[in-house]
Amino acid sequence: MIEARNLKKSFKGKAVLEDASFCIGDGEFVGFYGPSGIGKSTAARMLCGLVRPDVGEVLLDGKLIASPGTQYDRKAGLGIQMVFQQPHAALDPVQKLGSAFRELARARFPGISREKEDSLIESSLAEAGLSSGILARLPSQISGGEAQRVCIARCLMLSPRLLILDEATSMLDVSTQANVMGAVTRAARARGGSILLISHDRALIERVCQRIYLFEGGRTVEEGTETVNCS
Ligand SMILES: Nc1ncnc2c1ncn2[C@@H]1O[C@H](COP(=O)(O)OP(=O)(O)O)[C@@H](O)[C@H]1O
Ligand SMILES: [Mg+2]
C-alpha cells in the first residue's frame with residue numbers, strides 16, 4: 001500500500017535520514033524501532049505530508065504522494081492517520097472533547113444521525129478504555145495518558161487504512177497499554193487496516209508487528225521475515 005524509497009532529510013545542515021526505504025502492505029502491522037533522535041518520527045511524518053523529503057519519494061497504491069517537488073496529496077493522504085508522541089499537541093485546547101469528537105464524526109460520516117454519532121463515539125472511547133464522562137472536559141483537564149487514549153479513540157473512529165502510532169501508548173501503564181493495543185489491533189484486523197507502530201520498546205513491537213525496520217545511522221534495516229511485496 002505504502003512504499004517509501006530512498007528518503008533523505010536534513011535539518012539545519014544535519015542529516016537525520018540518509019537513505020531510508022520501507023514499505024507497508026494492506027493489513028500489515030509494521031514496526032519502526034531504534035533509539036530516540038534517530039529519525040523514526042521524521043520518516044513517519046513524511047507519510048502524512050508534515051515533513052517533505054529532501055530526496056526520495058512516497059507512493060500510496062503506486063501513486064506519488066510525497067517527494068521534494070510534489071505538493072502532498074491531502075485527499076489521498078486522508079486514509080493515513082497518525083497518533084503523535086505528544087498527545088496534548090494534537091488537541092484543541094479551547095474545545096471540549098465532546099464537541100471535537102462530534103465534529104470529527106460528522107466530517108467522517110456526513111449526515112450521520114445523532115444516535116449513531118453517540119454510539120460511535122461511545123464505542124470508540126470504550127475501545128480505548130475511556131468512559132463518555134471525559135467528553136465534558138477540556139484537554140487541559142485530562143492527564144497525558146488520557147490524552148493518548150483520546151487520540152487513539154479518535155483514530156479508531158476514523159478507521160484509517162494506515163494507523164501510525166508514534167510512541168502513542170508511552171504514558172500508559174502496562175495493563176492499560178496492553179488493553180488499548182488489543183483494541184487497536186482488533187479494529188485494524190476487522191477492517192483490513194494496516195498499523196505502523198513506532199517505539200523504542202522492543203518487546204511491544206515484537207508483540208504487535210509482523211515486520212520490523214531498525215533505524216540505524218540514517219538508514220533502515222529490515223529485520224525478521226523474508227522481504228515482502230508491499231504493492
Ligand atoms: N522540524 C525539525 N527541525 C529541526 N530538527 C528536527 C525537526 N524534526 C526533527 N528534528 C531533529 O531530527 C532528529 C530526529 O528526530 P525524530 O525523527 O523525532 O527522531 P525519533 O522519532 O527517532 O526519536 C532529532 O535530532 C530532532 O531533533
Ligand atoms: Mg519520535
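**Helix packing and the ligand shell**

In this predicted model, the axes of helix 3 (residues 97–108) and helix 5 come within 10 Å and cross at roughly 20°; axes are lines fitted to C-alpha atoms, for helices over the stretch in contact, with angles running from 0 to 180 degrees between N-to-C directions. Helix 3 is therefore roughly parallel to helix 5 (angles under 35 degrees count as roughly parallel). The crossing of these two helices is right-handed, in that the near helix is turned clockwise from the far one by less than a right angle. On the helix 3 side, the contact is made by L97, F101, L104, A105 and R108, and on the helix 5 side by V150, R154, M157 and L158 (contact requires C-beta atoms, placed from the backbone, within 7 Å). By class, this contact of helix 3 with helix 5 has 7 nonpolar, no polar and 2 charged residues. Here Ala, Val, Leu, Ile, Met, Phe, Trp, Tyr, Cys and Pro count as nonpolar, Asp, Glu, Lys and Arg as charged, and the others, Gly among them, as polar. Helices (H or I, at least four residues) and strands (E, at least two) are DSSP runs numbered from the N terminus.

Helix 5 (residues 144–158) also meets helix 6 (residues 174–191), their axes coming within 11 Å and crossing at roughly 15°. That angle makes helix 5 roughly parallel to helix 6, and their crossing is left-handed (the near helix turned anticlockwise). R149, I152 and L156 in helix 5 face V180, V184 and A187 in helix 6 as contact partners. The residues of this contact divide into 5 nonpolar, no polar and 1 charged.

M171 sits in the loop between strand 7 (162–166) and helix 6. With 17 other C-beta atoms within 10 Å, M171 is partly exposed, a class between buried (20 or more) and exposed (12 or fewer). M171 touches G144, G145 and Q148, leaving aside residues up to four places away in sequence. Between M171 and R149, 22 residues apart along the chain, the C-alpha separation is 9.5 Å.

Around ligand 1 lie F11, V16, G34, S36, G37, I38, G39, K40, S41 and T42 (C-beta atom, placed from the backbone, within 6 Å). Helix 1 (residues 40–47) gives the most to this shell, with 3 residues. The shell divides into 3 nonpolar, 6 polar and 1 charged.

Residues are numbered from 1 along each chain as its sequence is written, with chains lettered from A and ligands numbered from 1 in the order in which they are written. In this predicted model, local features need pLDDT of at least 70 and side-chain atom pairs count only at pLDDT 80 or more, while totals for chains, interfaces and linings use all residues.

Conventions. Parallel < 35°, antiparallel > 145°, perpendicular 65-115°, else oblique. Contact = placed C-beta atoms within 7 Å.
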